[in-house]
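The sequence and the model are shown first, and the description follows.

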Amino acid sequence: MTGQRSDARRNYQRILAVAEAEVAAHGAEASQEQIARTAGVGSATVRRHFPTRRALLEAVFQERIEGLCEHAHRLSATEDSRTALLEWLHALVRYAVSARGFAHVLGYEPPTEEPSPSSCGSRIEAAGTPLLQRAIRDKAVAPHVTFHDLLTLSVGIALATEHHKHPDTQADRLFRLAVEGLSPEQDTARVPNKPPRPPLAASSPGDADDSP
């Protein structure tokens with residue numbers, strides 16, 4: 001029995017290692033059959049460990065999910081609640097852009113469903129919601145913003161830019177545009193740890209006061 005458990009653990013680790021490479025290459029549509037062939041096991045073995053495609057993808061991204069949750073926890077001690085929220089959201093968007101398939105995992109869980117508490121979406125929500133709530137209490141983010149809004153925005157940016165020539169650059173630009181919409185005051189809208197970008201319009205809000 002002990003030998004069987006050891007074999008099962010080895011199979012799990014081998015399948016997961018292969019799955020990570022396949023998902024990195026092909027995204028959420030990575031073939032489970034190809035994963036099985038490369039890992040040297042049968043398709044039934046893959047499905048025994050990972051009954052659904054979503055289960056497989058969540059296992060692939062487990063470590064990064066942990067990292068994002070820990071990052072949110074560290075940022076909860078940041079004095080500026082708006083900076084903390086935006087820094088974490090920016091990290092989420094950047095990872096979703098760089099890790100093919102991750103945005104699809106989060107996108108599988110619309111708010112009308114009841115996802116598992118251990119699912120990627122649930123854990124991300126549990127980590128990020130306190131940052132959002134604190135920013136709203138501090139009046140640093142508009143009160144009508146929900147965490148699902150932020151998650152949908154992050155997923156949308158990642159999916160919209162994944163085939164772009166420079167996806168990270170384009171994703172950063174879209175994130176900045178979105179931040180302007182999230183901020184109660186337009187003149188404070190900028191991404192933490194990045195130099196402010198020049199205004200998108202030719203004139204500043206102050207210039208408008210001088211117009212006839």
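Helix axes are here lines fitted to C-alpha atoms over the stretch in contact, and the angles between them run from 0 to 180 degrees between N-to-C directions. The model is predicted.

## Overall architecture

The protein has eleven helices and zero strands. Read from the N terminus, the order of elements is accordingly α-α-α-α-α-α-α-α-α-α-α. Of the 212 residues in the protein, 41% are buried. Among contacts with a separation of 6 or more, 64% are accounted for by residues 24 or more positions apart.

## Packing around helix 9

The axes of helix 6 and helix 9 lie 8 Å apart, and the two helices pack at an angle of about 35°. Their crossing is right-handed. Helix 6 contributes L85, W88, L89, L92, V93, A96 and V97 to the contact, while helix 9 contributes F147, L150, L151, S154, I157, A158 and T161. By class, this contact of helix 6 with helix 9 holds twelve nonpolar and two polar residues, with no charged residues.

Helix 8 (residues 120-137) also meets helix 9 (residues 147-161): their axes come within 10 Å and cross at roughly 115°. The crossing of helix 8 with helix 9 is right-handed. On the side of helix 8 the contact involves I124, E125, G128, T129 and L132, and on the side of helix 9 it involves F147, L150 and L151. The contact of helix 8 with helix 9 comprises five nonpolar, two polar and one charged residues.

Which residues of helix 9 meet helix 8? They are F147, L150 and L151, and these residues are also among those that helix 9 presents to helix 6.

## An aromatic cluster

The count of aromatic pairs comes to five. One of them joins F61 and F102 in an edge-to-face arrangement, with 5.3 Å from centre to centre and 70° between the planes. This pair links distant parts of the chain, 41 residues apart: F61 lies in the loop between helix 4 (53-60) and helix 5 (62-75), whereas F102 lies in helix 7 (residues 102-107). F61 is buried, with a relative accessible area of 4%. F102 is buried as well, its relative accessible area being 0%.

F102 also pairs with Y95; the ring centres are 4.6 Å apart and the planes stand at 55°, so this pair is tilted. The cut-off behind that term is that planes under 30 degrees apart count as stacked, over 60 as edge-to-face and the rest as tilted. Y95 counts as buried, at 9% relative accessibility. Through these ring pairs, F61, Y95 and F102 are linked into a cluster.

## Salt bridges

Side chains of opposite charge can pair when their charged atoms come close. A search of the whole structure finds four salt bridges, and the table gives three examples.

| Salt bridge | N to O distance |
|---|---|
| R47 and E33 | 2.8 Å |
| E58 and R54 | 3.7 Å |
| D172 and R94 | 3.2 Å |

R47 lies in helix 3 (residues 43-49) and E33 in helix 2 (residues 32-39), so the pair ties together parts that are 14 residues apart in sequence. R47 is partly exposed, with a relative accessible area of 35%, and E33 is partly exposed at 34%.

E58 is buried, with a relative accessible area of 13%, whereas R54 is partly exposed at 25%.

D172 and R94 form a salt bridge whose closest N and O atoms are 3.2 Å apart. This pair links distant parts of the chain, with D172 in helix 10 (residues 167-182) and R94 in helix 6 (residues 81-98), 78 residues apart. D172 is buried, with a relative accessible area of 14%, while R94 is partly exposed at 38%.

Note on methods
Residues are numbered from 1 along each chain as its sequence is written. This is a predicted model: local features need pLDDT of at least 70, side-chain atom pairs count only at pLDDT 80 or more; totals for chains, interfaces and linings use all residues. Side-chain values use heavy atoms; hydrogens and water are left out. Rings of Phe, Tyr and Trp (its six-membered ring) pair if their centres lie within 6.5 Å; planes under 30 degrees apart count as stacked, over 60 as edge-to-face and the rest as tilted. Helices (H or I, at least four residues) and strands (E, at least two) are DSSP runs, numbered from the N terminus. Buried means under 20% relative accessible area, exposed over 50%, partly exposed in between (1.4 Å probe, protein chains only). A crossing is left-handed if the near helix is turned anticlockwise from the far one by less than a right angle, and right-handed if clockwise. Contact means heavy atoms within 4.5 Å. Ala, Val, Leu, Ile, Met, Phe, Trp, Tyr, Cys and Pro count as nonpolar, Asp, Glu, Lys and Arg as charged, and the others, Gly among them, as polar. A salt bridge is a side-chain nitrogen of Lys or Arg within 4 Å of a carboxyl oxygen of Asp or Glu.
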